[in-house]
Each structure stands twice: as C-alpha cells, then as structure tokens.
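The following exercises concern a single protein model. Please study the sequence and the structure before reading each solution.

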Amino acid sequence: MNIGFIGLGNMGLPMAENLQKAGYEVVGFDIKKDVNTSVKIANNFENLIKDNEVIFTMLPSGNEVSKVYNEIVTKCESSTVMVDCSTIDINNAHFISDLAKKNKLQTLDAPVSGGVVGAIDGTLTFMVGGDQKAFKKIKPLFEIMGKKAVYCGDSGSGQAAKMCNNMILGISMIGVCEAFSLAKNIGLDVEKLFEVSSNSSGSCWALNTYCPVPGIGPKTPADNSYIPGFSSELMLKDLSLAQSAAKQSNSHTPLGANAKKIYEKLLKEGGKGKDFSYILPFFSKKSRN
C-alpha cells in the first residue's frame, strides 16, 4: 500500500515517518520545502497523488483542508481512500466528505489525541468517522501511528468526538490548576495533594498523567518550562470548535464556554507558545479579585 501524506508539521511528520519505518512507501508534501526527513518529498500534488492508494492530510484548519481537497479529489483514482487527521469543524468535515463522495472516493475524518509526543512514539488515539469499510482498510495504518483507533460513526463523528474529548480536557486542566493554586496559597504541600488526589476522587488524566506542577508525577511539559506538548493555542482552537458546535446545536455548555474565556485571557497574558498546562503559573499570579 503506497501512501501520500500532506502536512509535515510537528504532528504530520512523525506520523509519516512511523508509517515509513513500518515498511510502507510514503511520499510527503508540505508548503515548507526544506523539511528535514527521510520521507520522499513531492514537488506538487500531482506527484504526491500518483500511484498512492491512501492520502493523509494533517493541516491547521478546515479552510486549508477544504482547499487541498478542492485541488486533489478530481485527480485521485476512485480507489483512493482520503483520511483527514486534522482537527477541524464538523461543517468542513461534511464538506470534504461530500466533495470526495462526488468523485467516488472513500473518506475518513480521523483527528487524533496524544500530542507531539504521541505522534513521535506512535501512541496516538484516533477518533474516526466516515465510511466503515474504509476504516477497516486503514485500521492497520492507524495501529502503526497510534495505540487506539475508535470508529465513532458517520462522517463528522470523529471530529465531534475530538471536540467533546478536548472540552473535557480543557475543563479538567483548569480544575486541576485551580486546586494546586489553592493548595499552595493555603499552605498545603502540593506533593501531598498529588498523592491524595491521584488516588482518590480527584483522579483524572490532567492530574495523573499530565500534572501541571513541575517535579510531581510523570515528566510533563511543566518540567520543561512549559514548552508545548499541546499548546494553549491549540486548546483554544478546540474549545472554540466545541463552542461553535454547542451554539449550532443549542447545547448548554457553561463550563466549556468559561474554559474558552480563560484560555483567551491566558493567551493575552503571557501564554502564547506555552503548553496548555501553563494555566497553573497563570493562576498563581492572580488574586481572587
């Protein structure tokens, strides 16, 4: 199975390289021409599409994905499977799916969770929507790039799962950071709080696996000056997508809405280029009023 991979950024490049390491023929394309990789780089979409049975995309937003699909779907063979791993809005997911179907192509929306470390280590989780037959065909590739691939339903279901999951993550990280900030201010040893909460009802991924306090629990971006594993900008993007979906579906999501406001403020006050767990030092500088 020959594979084309469009978008060789922090996430896409290690994903493409893992596929190549597993023995697949991979051709990549990125708007940056000086990508440092052993993956063969195509000069244009035509060379990337040629003879490839699967095309992956990993791009910043729905607009970029839609533009790429507009350029390539008419050039692809009808047997090609199109897999978009970007995190985009559901409307754009439906648009690219419909566009591909008009050209008799199978499509999957397959956003990921796990960040850059997961992409490098091949431990991503894929949330997949679209053609179920295509999912069964592509699942072995997901299993190379990740530890889990969940078929969520029809087109757009993968994106829906991703935005709901990351709304939970954003809200829970804020809660964990609030608790540690309070603990410090009232004189509680934060190591003791971690020991208690990670083994009781406060237990959650944002605490146990991705603790925002330096030197506590497994190594996280907090131990590396909050250099992003998953940036505050990307968290705000995902929370914004969730709020857009909530508005369209008339869903009551007050914590999600407030989390979005908090990350907006974080980015205005020193959080740009920092991990999303930078909420902790951000809170530590604040008083109640």
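**Exercise 1: The nonpolar cores**

Identify which of the 37 residues in the largest nonpolar core touch the most other members.

Solution. In this predicted model, the residues of the largest nonpolar core that touch the most other members are Met-173, Phe-180, Met-235, Tyr-263, Phe-276, Ile-279 and Phe-283. Next, consider the helices: at least two residues of this core come from each of α7, α8 (190–197), α9 (205–208), α10 (232–249), α11 (254–268) and α12 (279–284). The most is given by α7, with 9 residues. A second, separate core has 31 residues, among them Val-39, Val-81, Ala-119 and Ala-149. As a general rule, nonpolar side chains in soluble globular proteins tend to be buried together.

**Exercise 2: A residue of helix α10**

Explain why Gln-243 counts as buried.

Solution. First, locate the residue: Gln-243 is part of helix α10. Then apply the cut-off: a residue is buried under 20% relative accessible area. Gln-243 has 16% relative accessibility and therefore counts as buried. Finally, leaving aside residues up to four places away in sequence, Gln-243 is in contact with Met-167, Thr-253, Gly-256, Ala-257 and Lys-260.

**Exercise 3: The second largest pocket**

Determine which helix gives the most to the lining of the second largest pocket.

Solution. Begin with the lining, which consists of Glu-178, Ser-181, Leu-182, Asn-185, Phe-283, Lys-286, Ser-287 and Arg-288. Helix α7 (residues 157–185) gives the most, with 4 residues. Sorted by class, the lining has 2 nonpolar, 3 polar and 3 charged residues. The space in this pocket is about 330 Å³.

Methods
Residues are numbered from 1 along each chain as its sequence is written. This is a predicted model: local features need pLDDT of at least 70, side-chain atom pairs count only at pLDDT 80 or more; totals for chains, interfaces and linings use all residues. Side-chain values use heavy atoms; hydrogens and water are left out. On a 1 Å grid over the protein atoms alone, a cavity is a set of points where a 1.4 Å probe fits but cannot get out, and a pocket is an open set with protein on both sides within 12 Å along at least five of seven lines; lining residues have an atom within 4 Å of a point. Grid points are joined across faces, edges and corners, and a volume is the space filled by probe spheres set on the points. Ala, Val, Leu, Ile, Met, Phe, Trp, Tyr, Cys and Pro count as nonpolar, Asp, Glu, Lys and Arg as charged, and the others, Gly among them, as polar. A nonpolar core is a set of buried Ala, Val, Leu, Ile, Met, Phe, Trp, Tyr and Cys residues joined through side-chain atoms within 4.5 Å. Buried means under 20% relative accessible area, exposed over 50%, partly exposed in between (1.4 Å probe, protein chains only). Contact means heavy atoms within 4.5 Å.
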